[in-house]
Every structure is written in C-alpha cells, then in structure tokens.
Amino acid sequence: MQNVSTQPFVNLIATRLGLRVRQQEDSALRHKLLKRVHALRLPSLDAYYRLLISDQSICAAEWQTLIEELTVNESYFFRDQGQFSLLRNHVLPELLQTKQHQSRYQKPTLRIWSAGCSTGEEAYSLAILLKELIPDEQTWNILLLGTDISELALEQAKRGIYNEWSFRSVNPELRKKYFRSHYQGWEVDPVIRSMVTFQAENLVQDYNLTAHPEIRDLDLIVCRNVFIYFDAKAIAQVLDRFHQVLVPNGYLMTGHTELHQQNLHHFQVQTFPESILYQRQTNAAIPLVSSSQLISNQASSHPINSAISRTDTTNSVRAVPTEPPTVNKAQLHVNTSTLISSPVALEDVSTLIDRKAYVEAIHKAKKLLVHQSSGFKLHYLMAEAYANLGDHQNAVQACHKALQLNPLAVEPIYLLAQIAQEQDDLERAKTLLKQVIYLAPSSVYAYFELGCLYEQQGNMAKAQRNWRSTLDRVKQLPQQATVDLRKNITAIDLQTAVEQKLKR
C-alpha cells in the first residue's frame with residue numbers, strides 16, 4: 001500500500017475540487033489518504049480510489065470527509081486591512097451610488113458573493129460594512145451570499161459564534177456594536193446574521209448557472225486566499241464563471257497577486273495602493289467615487305477605519321530574495337525589451353538608493369519613465385525608494401505596476417510582504433511570503449521570515465517547520481553567501497540564528 005503512487009489522487013482532486021497538490025506535499029497527502037483507508041477498513045489505496053470515482057451512495061459523503069482533510073479553514077474578521085479600506089471607502093460607495101441612480105422609483109438592489117467564505121468572518125465583515133454605509137438596509141434588496149466547499153465551515157458560519165482569535169483585527173468598539181457576549185465567545189448580532197445567506201458551493205464543479213439562480217447579476221465578488229490552493233486550469237475555469245455572473249462594471253476582488261499568471265482579457269485591471277481590482281469589461285468603466293460623496297461622516301474617524309488603520313515606519317527596506325526563478329519570457333505576453341531601461345540609468349537609480357538618497361532616486365526614475373513608460377526595473381526601484389521613505393501607499397502602487405509588467409517576478413512580492421509586516425498585517429505577509437517561496441524555492445530568508453511570523457502568532461509547530469526548511473536549504477549555500485541584502489546577513493549568520501531558535 002505504501003508504494004502506490006498518489007498521482008491518480010492528485011489528478012482526481014484537481015478535477016473535482018480544483019486543488020493543487022504540489023510535489024513537496026505528496027507525503028502529507030499520502031498520510032491523509034491512508035487515514036481514510038484505515039477509517040473505512042479498505043484493503044488498499046487503489047480500493048479507496050475506486051470508491052471516490054464510483055456512483056455509490058457513500059461516495060458523496062466520503063468526498064465531503066476528504067474535503068475537510070484537504071482544505072484549510074483559517075479566517076478572521078476584516079482580514080487584510082488594506083482591502084477592507086478599499087471596499088469601504090471606494091468600491092461599496094461607488095456601487096451604492098450607481099444602484100441608487102438606477103433605481104429611482106423602486107428599491108435599489110445590491111448583490112455580493114463571498115466565494116470561499118470559510119467560517120463566515122469575511123461575509124459578516126461585508127455585512128457590517130454595508131450596515132455602516134446603509135443604516136436603513138431594509139430599504140434595499142440586498143443579497144450577501146457566502147459559499148464554501150466545506151460543510152463544517154458553513155455550519156460554524158451559520159451559528160455565528162466566534163472566539164477571540166477571530167477578532168484580532170477588530171476595534172473593540174466595533175465588536176461591542178455588532179456582536180453579543182456568548183459563553184463560547186461572541187455571537188453575531190441578529191440583524192447582521194439576517195443579512196447573510198450561506199450555502200455549500202464547489203467553485204469548480206457547481207458550474208451550471210441555471211441550477212444556482214441566486215448566483216447571477218452580481219455587483220461584487222470577493223474571492224480571497226482561495227486561488228492560492230487551485231491549479232491554473234481551475235482558476236481559469238472559475239474566472240470564466242465569475243465573468244459570466246458579474247454585471248457590466250461589476251468588481252472582482254481576490255487575494256494579492258493571486259491572478260498574476262492568468263489571462264485577464266475579460267477584465268479591466270484597476271490598481272489601487274491597497275490592492276488590485278478586476279472589473280468586468282464594458283464600453284466604459286465607471287470611475288470609483290469616494291465615500292465622502294455618499295455619506296457625511298469622514299472615513300478617518302470611522303470605527304471600521306480605525307479598526308483597520310495602518311502605521312508607517314521609516315525602516316530601511318531592500319527586498320532581494322536569493323536566486324529569483326528563471327522565467328520563460330515567451331509566456332509573459334509582454335515585449336521584454338520594454339522591461340529594461342538603459343543599464344547605466346538603472347545603475348544610477350540603484351546607486352542613489354544604496355546611498356539612501358531616496359527622493360533623488362524617485363525623481364530620476366520618474367524622469368526616465370517619461371521616456372520609458374514600461375520599465376519593470378524602474379517601477380521596482382521606485383517601490384524600494386518609497387518603502388524606505390515610509391511611503392507605503394506609493395510603494396505598493398509601484399510594486400503592482402512592476403508586477404503587471406513581469407507577473408512572475410518575486411522581488412515586488414517580497415517587498416509587499418515586508419510592507420505588510422510593517423503594517424502589522426501578518427496574514428497578508430504570510431500569504432505573500434508563501435508566493436515568494438512557490439516562485440523561488442531557494443529564497444531561504446523567506447522561509448525564515450515565514451517561521452518568525454508563525455512564531456509571532458504563537459503557532460510554534462509551523463514556525464519550527466519553516467525554520468527546519470530554512471536550515472536544510474541554507475546548509476547547501478557557501479557560508480559567506482549573502483541571503484538578505486537588507487541586513488547583510490550571510491548564510492552562516494542565518495544558519496546560526498535558525499539553530500538557536502530551534503534549540504529554544
């Protein structure tokens with residue numbers, strides 16, 4: 001049984017669920033499969049595979065059990081502070097204003113889908129945003145649908161009871177306003193609960209639009225930290241479905257850089273300092289408006305914005321992972337000659353950054369971009385300079401511009417991870433570091449930083465796992481090789497630091 005290949009299961013899981021099982025996860029997958037084999041008292045993995053592809057009544061139930069083994073249900077309220085600021089201050093006010101204008105003589109309608117909502121925190125966070133923006137929500141026809149493939153996660157979402165860990169980014173005043181104390185933690189206010197509908201949904205398999213009439217004419221789809229688990233084929237399939245069910249000018253919000261290798265010709269990409277949005281293409285895009293045009297209270301004093309406020313620092317940032325991956329430029333659909341400006345000019349900008357002349361570096365880079373508007377390296381160097389000045393908003397914007405030109409480049413993603421850490425957005429930082437590791441497995445310092453983030457959150461098992469991965473890789477490097485240019489850390493320095501952490 002132990003020698004049977006797991007590849008048929010990998011293919012089947014990708015087809016049925018869209019989930020990507022990478023080579024380094026093979027051992028963990030085998031363990032989970034064998035666990036189910038023993039639980040069902042089957043003779044072999046082959047027998048379990050035949051069960052999963054059969055028409056037996058037990059098949060559907062077993063798939064749901066396997067789904068719970070394979071999926072990660074980790075969420076919390078107002079996860080990703082920047083994206084929720086973008087939703088509250090721009091996206092939702094623009095949609096509400098448009099809907100009010102279109103429905104002058106009847107109840108305006110707003111339809112939102114939280115796809116892959118896990119245990120419900122994201123869907124309820126969206127409901128709270130809407131309640132803040134529309135105090136008289138009963139005068140609207142609002143659909144706020146939360147779906148997930150995990151039935152266990154949906155059961156918790158429907159209960160609406162959460163422990164302290166789900167509120168780690170929430171202002172206590174906001175929690176007091178929209179939640180009630182419960183002996184198991186905190187319970188969602190009945191008004192907020194009534195605004196959300198939950199149902200099971202397989203984004204890959206449940207593709208018949210007529211079978212799901214409520215998933216149509218959507219103004220906004222929020223699908224974050226879902227595609228990082230999907231293979232490319234499944235992502236393309238789901239994007240096609242999203243495009244079908246969005247209204248013209250409707251918005252899709254995903255996790256940061258989750259779509260950087262996808263064909264997005266159906267969508268207009270809109271870049272903001274907080275995130276990237278994808279808008280269903282139409283003849284003319286409707287510009288986003290500020291929330292100040294719709295509501296009288298100022299965003300800066302709003303309890304939600306104070307719950308997701310950002311803090312800037314001026315610590316030096318120079319994000320250069322070890323050995324970025326080799327990229328097949330033919331797959332980028334970009335004229336690679338536009339990615340590189342004059343080597344001498346680029347060296348001048350880089351030298352200014354090394355001398356900490358950040359303002360001068362930005363000024364020179366902007367002058368060069370006037371003549372070379374598509375310079376990947378220039379945008380990235382500007383991002384570095386802005387980050388070193390503590391101007392995170394412009395740094396993030398420059399990173400996104402660089403990624404639009406070279407979607408497989410790890411340097412901007414790594415810099416975004418550093419900025420997220422400085423803004424105390426640890427979940428976003430972890431997601432970005434994982435993307436760096438996926439694109440450049442030799443980025444040893446990314447493993448180390450990911451372990452430190454898990455340590456900061458109290459998850460020592462995952463912290464140690466990442467540190468051991470760091471140690472395995474750093475031992476293969478020359479001792480004096482530089483693994484982090486920002487702090488001039490060598491391989492032997494990092495090895496010593498990791499060994500000390502593991503010893504503790």
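A cavity is a set of points, on a 1 Å grid over the protein atoms alone, where a 1.4 Å probe fits but cannot get out. Grid points are joined across faces, edges and corners, and a volume is the space filled by probe spheres set on the points.

This is a predicted model: local features need pLDDT of at least 70, side-chain atom pairs count only at pLDDT 80 or more, and totals for chains, interfaces and linings use all residues. Residues are numbered from 1 along each chain as its sequence is written, and side-chain values use heavy atoms, with hydrogens and water left out.

**View 1. The largest cavity and its lining.** A search of the whole structure finds one cavity of 30 Å³ or more. The volume of the largest cavity is about 80 Å³. Lining residues have an atom within 4 Å of a point. Here they are Arg79, Asp80, Gln83, Arg224, Asn225, Gly255, His256, Asp425, Glu427, Arg428 and Thr431. Helix H17 (residues 426-439) gives the largest share of this lining, three residues. Helices (H or I, at least four residues) and strands (E, at least two) are DSSP runs, numbered from the N terminus. By class, the lining has no nonpolar, five polar and six charged residues. Ala, Val, Leu, Ile, Met, Phe, Trp, Tyr, Cys and Pro count as nonpolar, Asp, Glu, Lys and Arg as charged, and the others, Gly among them, as polar.

**View 2. The aromatic pair of Tyr124 and Phe198.** The structure holds 14 aromatic pairs. Rings of Phe, Tyr and Trp (its six-membered ring) pair if their centres lie within 6.5 Å; planes under 30 degrees apart count as stacked, over 60 as edge-to-face and the rest as tilted. The ring centres of Tyr124 and Phe198 are 5.4 Å apart and their planes stand at 70°, so this pair is edge-to-face. Tyr124 lies in helix H6 (residues 121-133) and Phe198 in strand S6 (residues 197-200), so the pair ties together parts 74 residues apart in sequence. Tyr124 is buried, at 2% relative accessible area. Phe198 is buried too, at 10%. Buried means under 20% relative accessible area, exposed over 50%, partly exposed in between (1.4 Å probe, protein chains only). Phe77, Tyr124, Tyr162, Phe167, Phe179, Trp186 and Phe198 form one aromatic cluster.

**View 3. Arginine charges over rings.** A charge sits over a ring if NZ of Lys or CZ of Arg is within 6 Å of the ring centre and within 35 degrees of the ring normal. The charged end of Arg20 sits over the ring of Tyr438, 4.6 Å from its centre. Arg175 places its charged end over the ring of Phe167, 5.3 Å from the centre.

**View 4. The open sheet S3-S5-S4.** Two strands pair if DSSP finds at least two bridges between them. Three strands form this open sheet, with antiparallel pairing. Strand S3 (161-162) and S4 are the edge strands, each pairing on one side only. Four bridges join S4 (residues 179-182) to S5 (residues 185-188). A hairpin links these two strands through two residues. Ser181 stands opposite Trp186 in S5. S3 and S5 pair over two bridges, and Ile161 stands opposite Glu187 in S5.

**View 5. Strand S1 beside strand S2.** S1 (residues 109-115) contains Arg111. The strand is mostly covered, with six of its seven residues buried. Arg111 is buried, with a relative accessible area of 14%. S1 and S2 (residues 141-148) pair in the parallel sense over seven bridges. Trp113 stands opposite Leu145 in S2. Arg111 and Ile221 are 110 residues apart in sequence and 8.8 Å apart in space, C-alpha to C-alpha.

Methods
1 Å grid on protein atoms, 1.4 Å probe; cavity = no way out; pocket = protein on both sides within 12 Å on 5 of 7 lines; lining within 4 Å.
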